[in-house]
Amino acid sequence: MGTDKYEGEFVNGYPEGIGVYRWKDSSFYTGSWKKGRRDGKGDMHHKDKNGKDSLVSGFWKKDKYIGKYEHQYLVNSF
């Protein structure tokens, strides 16, 4: 397999909604997309530097991992 592949919802030609993107190196992301970028809850499966399966699960914003929780801290002001 020599190309990347996306299966899921599209809006205006971009992945949007729920879908799975598979890279040619066998890593894949399954979860939420917005304007062609990982955005929302999802799981990134890849091989670590030792070749073992690795999983990054949590929330993404504009294609960047933001953490296990969508809102890392809750600040209450009285």
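1. The model under discussion is a predicted one.

2. The overall dimensions may be set beside that value. Taken along the principal axes, the box filled by the C-alpha atoms of the protein chain is roughly 55 × 40 × 15 Å. Of the 78 residues, 22% count as buried. The accessible surface of the protein chain comes to about 6200 Å², and carbon and sulfur atoms account for 51% of that surface.

3. With regard to contacts along the chain, the set considered here joins residues at least 6 apart in sequence. Within that set, 5% of the contacts join residues at least 24 apart.

4. As to charge, the protein chain carries 15 positive and 11 negative charges.

5. Strand 1 (residues 5–11) pairs with strand 2 (residues 14–22) in the antiparallel sense, over 6 bridges. Within this pairing, Y6 has Y21 of strand 2 as its bridge partner. The two strands form a hairpin, with 2 residues between them.

6. N12 is found in the loop between strand 1 and strand 2. Although N12 is not a glycine, its phi is positive, at about 55 degrees. N12 is exposed, and its relative accessible area is 74%. In space, N12 and K35 are 8.4 Å apart, C-alpha to C-alpha, while in sequence they are 23 residues apart.

7. A positive phi is also found at D63, a residue other than glycine, where the value is near 75 degrees. D63 is placed in the loop between strand 5 (53–61) and strand 6 (64–67). With a relative accessible area of 33%, D63 is partly exposed.

8. P15 belongs to strand 2 and is buried, with a relative accessible area of 12%. When neighbours within four places in sequence are left aside, P15 is in contact with Y6, E9, F10, W33, K34, K35 and G36. P15 and R38 are separated by 23 residues in sequence, and their C-alpha atoms are 8.9 Å apart in space.

9. S32 lies in strand 3 (residues 28–34). Is S32 buried or exposed? S32 counts as buried because its relative accessibility of 19% is under the 20% cut-off. Apart from its neighbours within four places in sequence, the residues in contact with S32 are G17, I18, R37, R38, D39, G40 and K41.

10. Two residues may finally be read side by side with their partners. For P15, the contacts include W33 and K34; for S32, they include G17 and I18. In a review of the model, P15 may be examined as a buried residue of strand 2, and S32 as a buried residue of strand 3.

Conventions: Residues are numbered from 1 along each chain as its sequence is written. This is a predicted model: local features need pLDDT of at least 70, side-chain atom pairs count only at pLDDT 80 or more; totals for chains, interfaces and linings use all residues. Side-chain values use heavy atoms; hydrogens and water are left out. Buried means under 20% relative accessible area, exposed over 50%, partly exposed in between (1.4 Å probe, protein chains only). Contact means heavy atoms within 4.5 Å. Accessible areas come from the Shrake-Rupley method with a 1.4 Å probe; for residues, only the protein chains shown count as cover. Lys and Arg count as positive and Asp and Glu as negative; His and the chain ends are not counted. The place of a charge is taken as NZ of Lys, CZ of Arg, CG of Asp or CD of Glu. Two strands pair if DSSP finds at least two bridges between them. Helices (H or I, at least four residues) and strands (E, at least two) are DSSP runs, numbered from the N terminus.
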